[in-house]
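Here's a quick tour of the model, starting with charge and then moving on to the fold. Have a look at the structure first.

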There are 2 protein chains.
Amino acid sequence: MSTTGRGLHGRVLDTLGPEITAGAYPPGSVLRTDELAQRFDVSRSVMREVVRVLESMHLVESRRRVGVTVLPAREWNVYDPQVIRWRLAGADRPRQLRSLTVLRSAIEPVAAGLAARNATAEQCAELTECALGMVAHSRGHRLEGYLFHDVAFHRVILTASGNEMFARLGDVVAEVLAGRTHHDVMFEDPDPAAVTLHVQLAEAVRERDAARAERLTREITEGALQELDVLAP
Amino acid sequence: MSTTGRGLHGRVLDTLGPEITAGAYPPGSVLRTDELAQRFDVSRSVMREVVRVLESMHLVESRRRVGVTVLPAREWNVYDPQVIRWRLAGADRPRQLRSLTVLRSAIEPVAAGLAARNATAEQCAELTECALGMVAHSRGHRLEGYLFHDVAFHRVILTASGNEMFARLGDVVAEVLAGRTHHDVMFEDPDPAAVTLHVQLAEAVRERDAARAERLTREITEGALQELDVLAP
DNA sequence: TGTGACATATAAGTCTGACTTTTTGTTCGG
DNA sequence: CCGAACAAAAAGTCAGACTTATATGTCACA
């Protein structure tokens, strides 16, 4: 599940990163490289590399004679996929999930509008295929299959928009959708209305109807927001 | 101007990072840590730290027995402020600027709507102050002063939205606005219509009129998009 | 001729210890 | 009371030896 995995360096990062993003050290706390190296039983070289990466994420700041200072959350690179994953795994997961869902609600409608203008024939076909897959798995507790096609659907939309900034949010959306299915329990089958909206959206993109694509996506994301209000008020 | 600056490590990064994001090495190219260390005249330790940071940005991938492989642009963490700065300084600056402006056009209207709901009295005051500052510098080639207040205005909106993902885009917006003023020549005074829109927006937020705030912001960002079409068709 | 096991070379990964540089806090003299 | 010199502390840098994974080539065997 963890992306870093490989190498001694990655294992330390996978422990220290989540600790920091979980708020284990209040902002302003100072960590000493040597102490950390001892704690994780690694050499200073490895520890320095870890600190450098944390520094590039703006989670900490390293200064001579003072140590490694933990930065306030406001400074963090919250768009770093690694940071997003760490925070989603932590305690303030609900708040994080809400932030990301609001982000989706801003981005996806615009992305869908652009996709209606720019999508290739192949992408239109993929979209239809995904929507059909969602329909096929919408009943009988086939949640995993449904999720798979849902994620793929939104990825295609974001990619087809032709905007690289939108395209790179595919992982975020995947994380949010997966979170909804797995963590926040989802006993029942997905909302039939949502399924219909996806089918109609694929249709709108295929027919180059940007305005309709945007409107439909807005309905989808508003649904996601309402769902969140019900689960975590 | 460069954020990294400090330390030998930062200087190497400030050279190698821009090179990679500028596409100097085609995707799949392999770099050897030892060679890079020689080239920059630094120790392997320093070079390894640089590679680790580039790896965390998904610009490169380091694998045993093969070397440091440059990844395709599709993999890059394009939301990393450092990466954004590097790319804006490079050759594909126009494309980058367009991507970011489209991103703005998606985010800011939603952020403004939220700001109208959540802004504190203090934030409302700041907003009005910024808008007045923009008015005051809107004539007589006071571009620097205008830019300053424009950036501050949008930062307040994004922060006041209460969504941390939006708030963190303040730097991006600042970069885009600064780019428009400095790089892409802007001899004339700013569009009076835009100034008026900002004043009205501050008003709408103060009066808690979310719908109007969103609509006005949409007009502002659409103006920015059209401006871009004129400059770089 | 194809295939699988094995050997080898290569480049990253890791560790250690010594040394340098910057910064901060203290102390001492004015 | 204040400023300048000083000392200590922690990160930063370096060099060299060693380890580990792995891509690739080799060779025997089918």
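How many positive and how many negative side chains does chain A have, and how far apart do the centres of the two sets lie?

## Charge and surface

This is a predicted model, so treat what follows as computed from it. Chain A carries 28 positive side chains against 32 negative ones, and the centres of the two sets sit 6 Å apart.

## Chain A overall

If you put a box around the C-alpha atoms of chain A along the principal axes, you get roughly 65 × 35 × 30 Å. Of the 233 residues in chain A, 52% are buried.

There are 11 helices and three strands in chain A, and walking along the sequence gives α-β-α-α-β-β-α-α-α-α-α-α-α-α. Looking at chain A contacts with a separation of 6 or more, 64% come from residues 24 or more positions apart.

## The sheet in chain B

Over in chain B, three strands make an open sheet in the order E1-E3-E2, with antiparallel pairing. Strands E1 (30–31) and E2 (60–63) of chain B are the edges, each pairing on one side only.

E1(B) and E3(B), the latter covering residues 67–70, run antiparallel and are joined by two bridges. One residue pair to look up here: Val30(B) has Thr69(B) in E3(B) as its bridge partner. Helix H3 of chain B (residues 44–56) packs on this sheet and touches E2 and E3 of chain B. The direction of helix H3 makes about 125° with that of E2(B).

Terms used. Residues numbered from 1 in each chain as written. Chains lettered and ligands numbered in written order. Predicted model: local features only at pLDDT ≥ 70, side-chain atom pairs only at ≥ 80, totals over all residues. Heavy atoms only, no water. Helix = DSSP H or I, 4+ residues; strand = E, 2+ residues; numbered from the N terminus. Buried < 20%, exposed > 50% of the residue type's maximum accessible area, 1.4 Å probe, protein only. Contact = heavy atoms within 4.5 Å. Lys, Arg positive; Asp, Glu negative; His and termini not counted. Charge placed at Lys NZ, Arg CZ, Asp CG, Glu CD. Pairing = 2+ DSSP bridges. Axes fitted to C-alpha atoms, helices over the stretch in contact; angles between N-to-C directions.
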